[in-house]
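Hi,

Here is the structure I promised to pass on. Please have a look when you get a moment; my notes follow below it.

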Amino acid sequence: MKQVKALIKGADSKQRCFWCGDDAQYIEYHDLQWGRPVTNDNQLYEKICLEGFQAGLSWLTILRKRESFRRAFRSFDPKIVARFNQRDVNRLMKDESIVRHRGKIESAIQNAKSTLEVQKEFGSLAKFVWSFCPENSTNTKRRTPKKNTDIAVSTPESEALSKALRGRGFAFVGPTTMYALMQSVGLVNDHFERCWVRDECEKKRVIALKKMLA
């Protein structure tokens, strides 16, 4: 992985992870969403789907289309999306405001059905997903990343989550995609050292972890 400067200083003089650059929408996502715990099932289902749609694209592309995705997929309510049929697939394939990839669209529908099954089995999608946080691995010690080479593309936990999800019918949930999910929904805190939101995200992550594993 090419070494780059981990932090950049914004116009507001705050230090942020380099990847958000100077794009206002990306900065807002970094500051208010990325790495903050997500424990709502519908929101987790949405993130699983959007991370799948992002494969091969930039996250900023998905971010700019997110409201269109939410409209197209009925606010990512798995109970509704699970009832989508071929007519819905054809409708979505004509929707230029989202990513028109038949396999990913069909996977979002299948993932809704699988989400409902996970809820029946574990009580919630959140409890299932959060059970794969690094604290549950005796071989994993998380360190605060100081440079971009400190952040892995995938981890044993993301590989285990990927395998468990695929075993329950989820699609487009490879280990790399699932590590991106773990970063974005707060299972891990990969904000760099001295990033201005890192400490706040960590405090909320610990609280959420205790709640999910209670």
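One aromatic cluster takes in Y45, F53, F69, F73, F76 and F84. Do keep in mind that this is a predicted model. Aromatic pairs number 13 in the structure. One of them joins F73 and F84, with the rings stacked at 6.3 Å centre to centre and 20° between the planes. The pair links distant parts of the chain, its members being 11 residues apart. F73 belongs to the loop between helix 3 (59–72) and helix 4 (78–81), while F84 belongs to the loop between helix 4 and helix 5 (86–93).

Elsewhere, K14 lies over the face of W196, at 3.8 Å from the ring centre.

Now for the helix packing. Helix 1 (residues 24–32) and helix 3 have axes that come within 10 Å and cross at roughly 90°, so helix 1 is roughly perpendicular to helix 3. On the helix 1 side, Q25, Y26 and Y29 make the contact, and on the helix 3 side W59, L60, L63, R64 and R66 do. By type, the residues of this contact are 5 nonpolar, 1 polar and 2 charged.

Best wishes

Note on methods:
Residues numbered from 1 in each chain as written. Predicted model: local features only at pLDDT ≥ 70, side-chain atom pairs only at ≥ 80, totals over all residues. Heavy atoms only, no water. Phe/Tyr/Trp six-rings, centres within 6.5 Å; stacked < 30°, edge-to-face > 60°. Helix = DSSP H or I, 4+ residues; strand = E, 2+ residues; numbered from the N terminus. Lys NZ or Arg CZ within 6 Å of the ring centre and 35° of its normal. Axes fitted to C-alpha atoms, helices over the stretch in contact; angles between N-to-C directions. Parallel < 35°, antiparallel > 145°, perpendicular 65-115°, else oblique. Contact = heavy atoms within 4.5 Å. Nonpolar A, V, L, I, M, F, W, Y, C, P; charged D, E, K, R; others polar.
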